[in-house]
Amino acid sequence: MKKINIPDTDLELSAIGFGTLNAGLAWDGEAAVRILEKYVGCGGNVIDTAHIYSDWIPGEKARAERVIGQWIKGRKRRQDIILMTKGGHPRLEAMEASRLSKEEMAGDLDASLRKLCTDYIDIYFYHRDDPGHSVEELVETMESFRKAGKIRYYACSNWKVKRMEEADRYCREKGYRGFVANQAMYNIGARSARPMSDPTMLACGQEMLAYHARSNNLLMPYRGICGGFFHSFAEKGEDGVKESCFYTKDNVNLAKEIKALCIKKGYGMTQVLLGFFAVQDIPMLPLAGADNEQQLKELILTLGTEFDARDYEFCR
């Protein structure tokens with residue numbers, strides 16, 4: 001599998017990261033071992049999770065981290081993977097209340113380390129931002145974790161460009177490496193999508209793309225396959241996708257172009273949606289999940305596809 005290097009780090013990451021939003025729901029136990037080992041066996045090494053996944057389902061906290069931790073503990077080859085998790089997400093019952101104090105972040109990190117059965121995180125993310133905390137404070141919190149050996153690098157998710165630029169300037173002044181990655185919503189249908197139901201989740205627009213073009217902060221788009229919108233549209237038509245934020249007139253028209261590209265190239269929907277990232281002007285590492293081994297197979301097949309920018313002229 002092709003690798004992406006983040007400048008000024010020793011990180012070599014596979015071209016597609018495996019998202020685990022539904023770990024413990026779609027797959028668990030032996031099924032989790034099979035799906036995770038298949039991803040790694042095909043050359044993947046980026047496992048992306050968060051301490052909040054999937055707390056919206058009652059009965060268990062940090063379910064996804066528990067599943068991944070059991071797999072890590074059983075395989076005894078921690079060095080094979082780049083493990084990413086996120087902390088500082090608001091409590092789901094109080095989304096208006098920030099949780100980015102050093103004490104709250106330290107509590108989330110220590111809990112994640114226990115759940116993941118590891119003593120370090122390769123890339124640790126702020127899952128949200130809060131302008132009520134200065135970037136200096138937030139960077140120093142992450143630096144304290146790094147110096148303690150609990151994390152190797154740190155990053156952000158759902159941060160605005162201005163705040164990332166402020167953090168970059170502070171890190172340059174202090175001689176820190178700073179944020180190595182940023183997770184934001186970006187995909188082939190993002191430009192025409194409606195706002196997401198959670199206003200604290202940020203989409204990547206032209207300003208953010210320009211920022212990543214001039215920085216060493218790698219863009220890691222989430223919802224790489226558009227939350228299944230184009231898959232569902234192809235299978236069920238408009239009645240099956242009306243609740244999706246991607247359900248707009250422009251994306252309905254885009255679905256026809258995507259279907260035509262699938263036919264032209266002889267590839268599946270997943271390959272065409274993820275192939276979009278490979279032809280962009282800046283490096284980016286999309287994150288995509290799979291609910292079963294067949295979906296994972298479709299994801300991995302993307303790495304054998306060949307696209308160029310002309311194939312995607314319809315979405316420029």
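Trainee: The second largest pocket has a volume of about 590 Å³. Which of its lining residues are closest to its centre?

Mentor: Tyr186, Arg191, Gln206, Leu209 and Gln280, out of 25 lining residues. This is a predicted model, where local features need pLDDT of at least 70, side-chain atom pairs need 80 or more, and totals for chains, interfaces and linings use all residues. Numbering starts from 1 along each chain as its sequence is written, and side-chain values use heavy atoms, without hydrogens or water.

Trainee: What makes a space a pocket or a cavity?

Mentor: Whether it is open. On a 1 Å grid over the protein atoms alone, a cavity holds a 1.4 Å probe that cannot get out; a pocket is an open set with protein on both sides within 12 Å along at least five of seven lines, and its lining residues have an atom within 4 Å of a point. The volume is the space filled by probe spheres set on points joined across faces, edges and corners.

Trainee: Which helix gives the largest share of that lining?

Mentor: Helix H6 (residues 206-213), with four residues. A helix here is a DSSP run of H or I, at least four residues, numbered from the N terminus.

Trainee: How does the lining of the second largest pocket divide by class?

Mentor: Into 17 nonpolar, five polar and three charged residues. Ala, Val, Leu, Ile, Met, Phe, Trp, Tyr, Cys and Pro are nonpolar; Asp, Glu, Lys and Arg are charged; the others, Gly among them, are polar.

Trainee: Why are H7 and H9 called roughly antiparallel?

Mentor: The axes of H7 (residues 229-236) and H9 (residues 269-278) come within 10 Å and cross at roughly 150 degrees. Over 145 counts as roughly antiparallel, under 35 as roughly parallel, 65 to 115 as roughly perpendicular, and the rest as oblique. So H7 is roughly antiparallel to H9. Phe230, His231 and Ala234 of H7 touch Met269, Thr270 and Leu273 of H9, with contact meaning heavy atoms within 4.5 Å.

Trainee: How do you know how H1 lies against H10?

Mentor: H1 (residues 29-41) and H10 (residues 293-301) cross at roughly 10 degrees. The two are therefore roughly parallel. Their contact has four nonpolar, no polar and four charged residues. Among them are Arg34 and Lys38 in H1, and Glu293 and Lys297 in H10.

Trainee: What makes H8 and H9 roughly perpendicular?

Mentor: The axes of H8 (residues 249-265) and H9 cross at roughly 105 degrees. Therefore the pair is roughly perpendicular. Ile258, Leu261 and Cys262 of H8 meet Met269, Val272 and Leu273 of H9. By class, that contact has six nonpolar, no polar and no charged residues.

Notes. Axes fitted to C-alpha atoms, helices over the stretch in contact; angles between N-to-C directions.
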